[in-house]
Amino acid sequence: MTIDLRSDTVTRPSAAMRAAMAAAPVGDDQYGEDPTVNALQERVAAQLGKECAIFLPSGTMANQVALRTLTRPGDDVLVSRESHAVWHEMGGSAANAGVQFTEIGTGGTFDAADVLAAAKPRGHPIYPPTTLVEIENTHNRSGGVVVPQDMVERVCAAARGRGLATFLDGARLWNAAIASRRKEAELAAPFDLVAVSLSKGLGAPGGSLLAGSRATIDLAIRYRRMFGGAMRQVGILAAAGVYALDHNLARLADDHANARLFASRLAQSRNAVLDPETVQTNIVVFGLGADAPDGAEVVSAARERGVLVFAFGPRTIRAVTHLDVTRAQCGQAGDILAAIVERTG
Ligand SMILES: Cc1ncc(COP(=O)(O)O)c(C=O)c1O
């Protein structure tokens, strides 16, 4: 059986999740009349400690709507290096919100000093005004890094001091909460807008939410419609999210332990450049040492042995654990990858 570690988005809805979807009461969500969507929105808003939340089809749409809501065309947005916003959204920020990014920090995080050094003032005759700071937590391309909460608080305080808005791309905020043993509301508190995804570790087939104040969400509702993301009897999808929050949240700790196991097995080969101790959540990003094959070769050799992984770059591979892979499979996949990079498998 194939062990698919390309992403935590590859999970398939279980029979019980499908049954919950089939049974969901629905209505027209654009009239605010879908009871299942409304229940999900209220639940997630409460969980994130925000006034209200809206349901959107995808995490990318949530991020795009957030950028459009909190900025004006021509603005500058501070983001982490290797952020999803820069690498994985097809240039949507430039096309949809008309903003430019300034990448700051290292390893998926940055501190208040980085914000103060990079923020360009409003009203300057030459500089584009910086109006927004975006944090990604957990940080995907840095290997599922949890951004330390004291750092988040310093960054958001510095941003507020400069009159900048704050946005959290929390597609995997659930993982950050489990790994840091903090409530989602605490992680979300410093931000004006927060995006969370149901289709990653939680295992729903789609759906994300944006949460914030009533006034900010009212603006976001306009842009959701403008971007084509307003849906109708979508309680069918929201029901999967409700099911996922009920059944798949606490078990994320298993994914984190399985990612550690995968990483420790992989580290049997010195040609895998990683420190298993740094694996905090469900994402393992590792480099290929000088004696290892390149990324495309590793991906295809692993596929031949029944393991799917993703090449982030010519010498960088990502593997992600999730609810459709067992602990034993994660260990086995680590052994297989170790042999491939060692050139013995
Ligand atoms: C950090 C982060 N933000 C946003 C997204 C976008 O989510 P979607 O694939 O639902 O558009 C992803 C997807 O992997 C992600 O990793």
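M90 is placed in the loop between α4 (84-87) and α5 (92-97), where helices (H or I, at least four residues) and strands (E, at least two) are DSSP runs numbered from the N terminus. Although M90 is not a glycine, it has a positive phi of about 60 degrees. The structure is a predicted model, in which local features need pLDDT of at least 70, side-chain atom pairs count only at pLDDT 80 or more, and totals for chains, interfaces and linings use all residues. Residues are numbered from 1 along each chain as its sequence is written, and side-chain values use heavy atoms, with hydrogens and water left out.

We turn now to the ligand. The residues around the ligand are S58, G59, T60, N63, H84, E136, N140, D169, A171, R172 and K200; a residue is near a molecule if one of its heavy atoms lies within 4 Å of it. Helix α3 (residues 59-70) gives the most to this shell, with three residues. By class, the shell holds one nonpolar, six polar and four charged residues. In this scheme Ala, Val, Leu, Ile, Met, Phe, Trp, Tyr, Cys and Pro count as nonpolar, Asp, Glu, Lys and Arg as charged, and the others, Gly among them, as polar.

A backbone N or O atom of G59 lies 2.8 Å from an oxygen atom of the ligand. An N or O atom in the side chain of D169 is 2.8 Å from a nitrogen atom of the ligand, and one in the side chain of K200 is 2.9 Å from an oxygen atom of the ligand. On its own the ligand has 390 Å² of accessible area, of which the protein covers 84%; such areas come from the Shrake-Rupley method with a 1.4 Å probe.

Elsewhere lies a sheet. Strands of a sheet pair through backbone hydrogen bonds, either parallel or antiparallel. Here, an open sheet of four strands has the order β9-β10-β13-β12, with antiparallel pairing; two strands pair if DSSP finds at least two bridges between them. Its edge strands, β9 (272-273) and β12 (310-313), each pair on one side only. Three bridges join β12 to the antiparallel strand β13 (residues 316-320), and the bridge partner of F310 in β13 is R318.

How values were computed:
A polar contact is a pair of N or O atoms within 3.5 Å; within protein, one must be able to donate a hydrogen and the other to accept it, and residues adjacent in sequence count only if both atoms are side-chain atoms.
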